[in-house]
Amino acid sequence: MMISPKSLAFDIDGVLADTMTLFLDIAASEYQIRGISYEDITSYRLEDCLSLDSAIINRIITQILDGNYSVPLAPITGASEVLVRLGKQYGPVLFVTARPYTGPITDWIQQILLLKSHEFDIVATGAFEAKASALHERGITHFIDDRLETCFTLKTAGIEPIVFRQPWNRQKHPFLEVSSWQEIDAIISWQPDQTDTDEAAD
Ligand SMILES: [Mg+2]
């Protein structure tokens, strides 16, 4: 299956941004909580898979939303290359997050993923269930997300979900699944880049 670049949009946390590693890094550096590995995060609801106090979990999540941390938030490997190309050839690329506000993530996309401000748009819905209408409004038919429940909700609402493989979405599902940005690259129906061709001809 090939997807038109104009009809594809992306979730942020767990798809472009390695937010769960950030969670673990904040837990270790600020709360001295160690010994939890990425693979231990087998549920999107952290209370269900980690033996951590929910007050601590919520505090760290608030820090993440507000950008109130000193360890870096890394991109998921390969995200920048694909998104920069999408942004330049077909931009603005649409990111739809269930975060209640964009907070530090707009700057992060510019500084770390290296997209220019006019090459992307972010919608912060504040609720997983609100993603489908945000996507419909912008003519998006396919959405890449790491939260399985959201994928099922999207499918019901007429958006084709694509699951970005993570330890917390290993339950059975009927959707297309990708496990890397290389695989995302491979399902996009890229048109030859006119700019590249012109430059190559110089
Ligand atoms: Mg996510």
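Guide: Contact means heavy atoms within 4.5 Å. Leaving aside neighbours within four places in sequence, Trp 168 is in contact with Gly 14, Met 20, Tyr 38, Ile 41, Thr 42, Ser 43, Tyr 44 and Asp 146. This is a predicted model, where local features need pLDDT of at least 70, side-chain atom pairs count only at pLDDT 80 or more, and totals for chains, interfaces and linings use all residues. Residues are numbered from 1 along each chain as its sequence is written, and side-chain values use heavy atoms, with hydrogens and water left out.

Visitor: Is Trp 168 buried or exposed?

Guide: Buried means under 20% relative accessible area, exposed over 50%, partly exposed in between (1.4 Å probe, protein chains only). Trp 168 has a relative accessible area of 4%, so Trp 168 is buried.

Visitor: With which side chain does the side chain of Trp 168 make a polar contact?

Guide: A polar contact is a pair of N or O atoms within 3.5 Å; within protein, one must be able to donate a hydrogen and the other to accept it, and residues adjacent in sequence count only if both atoms are side-chain atoms. Here the partner is the side chain of Asp 146, at 2.8 Å.

Visitor: Which residues of helix α7 are buried?

Guide: Helices (H or I, at least four residues) and strands (E, at least two) are DSSP runs, numbered from the N terminus. In α7 (residues 148–156), the buried residues are Leu 148, Thr 150, Cys 151 and Leu 154. They line one face of the helix, because seen down its axis they fall within an arc of 155°, taken from the directions from the helix axis to the C-beta atoms. These residues pack against α6 (131–137), β4 (142–145) and β5 (160–164). Just after α7, Gly 158 takes a positive phi of about 90°.
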